[in-house]
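Welcome! Please take a look at the sequence and the fold below, and then let us walk through some of the elements together.

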Amino acid sequence: MIESLLVANRGEIARRVIRTAKRLGIRAIAVYSEADADLPFVAEADEAVLIGPPNPAQSYRNVEAILAAAKSTGAQAIHPGYGFLSENAEFARTVEASGLIWVGPGADAITAMGDKINARNLMAAAGVPVAPGTTDPAADLDAAVAAAAEIGYPVMVKAAAGGGGMGMGVAVDEAALRIEYDKVRAFAERMFGDGSVLIERYFPRVRHVEVQILGLADGRVVALGERECSVQRRNQKLVEESPSPAVSPELRARLLAAAVRAGEAVGYRNAGTVECLLDPTTNEFFFLEMNTRLQVEHPVTEYVYGIDLVEEQLRVAAGLAPTFDPDALAPSGHAIELRINAEDPKRFLPGPGVVRTWVEPTGAGVRVDSGYTEGNTVTPFYDSLLAKLILSGDTREQAIERAKAAVAEFQIEGPKNNLPFFAELLENDEFLDGTYDTGIVSRMR
């Protein structure tokens with residue numbers, strides 16, 4: 001097993017990876033920016049290295065500073081968490097070229113899946129269902145208009161290099177397309193350095209369902225069930241649950257088989273997620289994208305399958321067999337994750353500040369993966385995620401009841417937070433009966 005691990009991230013995911021590393025007897029090394037010096041993950045690491053000022057470009061995205069920290073501390077491996085450099089193929093190559101172990105998929109897989117058009121074409125060739133859309137970037141506005149006319153409105157305008165719900169727009173007709181095309185292209189050039197745009201069919205009523213895959217050290221790819229991710233604001237997830245209340249055993253078998261084919265098509269190793277759109281009226285699903293990293297919502301899979309995904313990542317990276325029998329995977333129970341963000345619960349606008357009170361809920365089936373505690377400052381430099389509240393139970397109903405109690409018990413004062421939104425959601429009829437789709441938040445607002 002790996003003996004020392006540098007976590008190239010911050011907040012709750014750094015704390016999460018450090019926890020597993022220390023349980024396995026691995027020396028855990030943190031890197032941190034000046035803004036994060038007082039956060040729990042820094043204190044909990046065996047060693048911590050200051051790598052720069054708050055600006056991520058000068059700290060958590062600073063490859064030279066991270067590699068220097070790895071060298072100075074004698075780190076053997078690097079875990080990138082999610083966000084920042086986690087899906088940066090060049091970083092993965094540089095880590096390995098430096099003689100370090102990269103705890104993630106190979107750079108070639110990251111590259112293949114990083115471009116949405118290339119990923120769509122690869123998946124179609126592998127027999128994975130894809131939504132009607134362009135097979136090449138829409139070179140200009142005229143090409144986009146022609147593609148949309150062939151696909152049929154409404155259409156989704158997407159940045160080919162985008163991710164995390166960013167760089168997307170919906171056009172219901174040509175007039176809207178002309179506006180959205182220019183908007184998405186400009187955003188993509190600014191944010192991703194690549195203005196390539198694709199056009200896809202847009203489904204007004206759809207569910208967002210994803211499959212956790214794990215590429216093992218022996219070359220096999222296994223699927224660890226699906227997660228329902230349809231509670232979203234601005235195309236970004238707020239709630240995840242596993243299993244999905246919308247997925248039948250027959251549909252689950254098709255989803256998982258398609259996800260395995262997706263991983264096999266790019267020789268996938270380590271943890272990844274195949275995201276799909278599900279049409280609830282026809283039970284048709286379509287490939288959306290593959291996230292070549294550990295997902296924020298991985299804890300719900302851990303509960304349902306009884307494994308530690310970070311440990312499995314480390315074992316794959318070290319060339320070791322998994323802790324479980326790949327031929328005897330069986331889910332049990334139900335789990336729900338609520339993303340507790342520092343944001344206004346009505347408009348979901350960021351609300352940083354000093355944490356004056358922080359009291360986490362406890363009890364059976366309750367897990368809190370948090371990045372902050374009392375006295376910490378939530379700054380505007382990074383993602384607004386404060387903590388993940390994960391609830392498990394023998395049934396979905398039991399998990400929901402535990403979620404209601406945990407939301408009521410969780411006390412956060414100082415920064416704005418979305419706990420009141422979750423209290424409202426957990427009484428919503430659509431959510432309770434499992435019939436919700438990606439429009440549920442807009443209908444609540």
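Strand E4 (residues 77–79) and strand E5 run parallel and are joined by 2 bridges. Within this pair, Ala77 sits opposite Ile101 of E5. Strands here are DSSP runs of E with at least two residues, helices are runs of H or I with at least four residues, and both are numbered from the N terminus. Two strands count as paired if DSSP finds at least two bridges between them.

Before going on, a word on the source: this is a predicted model, in which local features need pLDDT of at least 70 and side-chain atom pairs count only at pLDDT 80 or more, while totals for chains, interfaces and linings use all residues. Residues are numbered from 1 along each chain as its sequence is written, and side-chain values use heavy atoms, with hydrogens and water left out.

**The parallel sheet**

E4 and E5 belong to an open sheet of 5 strands with parallel pairing, in the order E3-E2-E1-E4-E5. Its edges are E3 (47–52) and E5 (101–102); each has a single partner strand, so one side of each has no neighbour in the sheet.

**The antiparallel sheet**

A second open sheet has 8 strands, paired antiparallel in the order E13-E12-E9-E10-E11-E14-E19-E17. Here E13 (284–291) and E17 (366–370) are the edge strands, each with a single partner, so one side of each is left without a neighbour in the sheet. On average, neighbouring strands of this sheet are turned by 25° against each other, direction ignored.

| Strand pair | Bridges | Residues opposite each other |
|---|---|---|
| E9 (residues 207–215) and E12 (residues 270–279) | 9 bridges | Glu210 and Glu275 |
| E11 and E14 (residues 334–341) | 4 bridges | Glu241 and Ile336 |

Is strand E11 (residues 236–242) largely enclosed or open? Of its 7 residues, 6 are buried, so E11 is largely enclosed by the rest of the structure. Buried means under 20% relative accessible area, exposed means over 50%, and partly exposed lies in between (1.4 Å probe, protein chains only). The hairpin of E10 and E11 has 2 residues between the strands, and Arg234 there takes a positive phi near 50°.

Helix H9 (residues 249–265) lies across E9, E10 (221–233), E12 and E13, and runs at about 110° to E10.

Helix H7 (residues 141–151) packs against helix H8 (residues 174–192) at about 135°, their axes being 10 Å apart. Axes are lines fitted to C-alpha atoms, for helices over the stretch in contact, and angles run from 0 to 180 degrees between N-to-C directions. H7 and H8 are therefore oblique to each other; angles under 35 degrees count as roughly parallel, over 145 as roughly antiparallel, 65 to 115 as roughly perpendicular and the rest as oblique.

From H7, Leu141, Ala144, Val145 and Ala148 meet Glu174, Leu177, Arg178 and Tyr181 of H8, where contact means heavy atoms within 4.5 Å.

**A buried helix**

Finally, turn to helix H10 (residues 298–305): 7 of its 8 residues are buried, so H10 is largely enclosed by the rest of the structure. Those buried residues are His298, Pro299, Val300, Thr301, Glu302, Val304 and Tyr305. Just after H10 comes Gly306, with a positive phi of about 70°.
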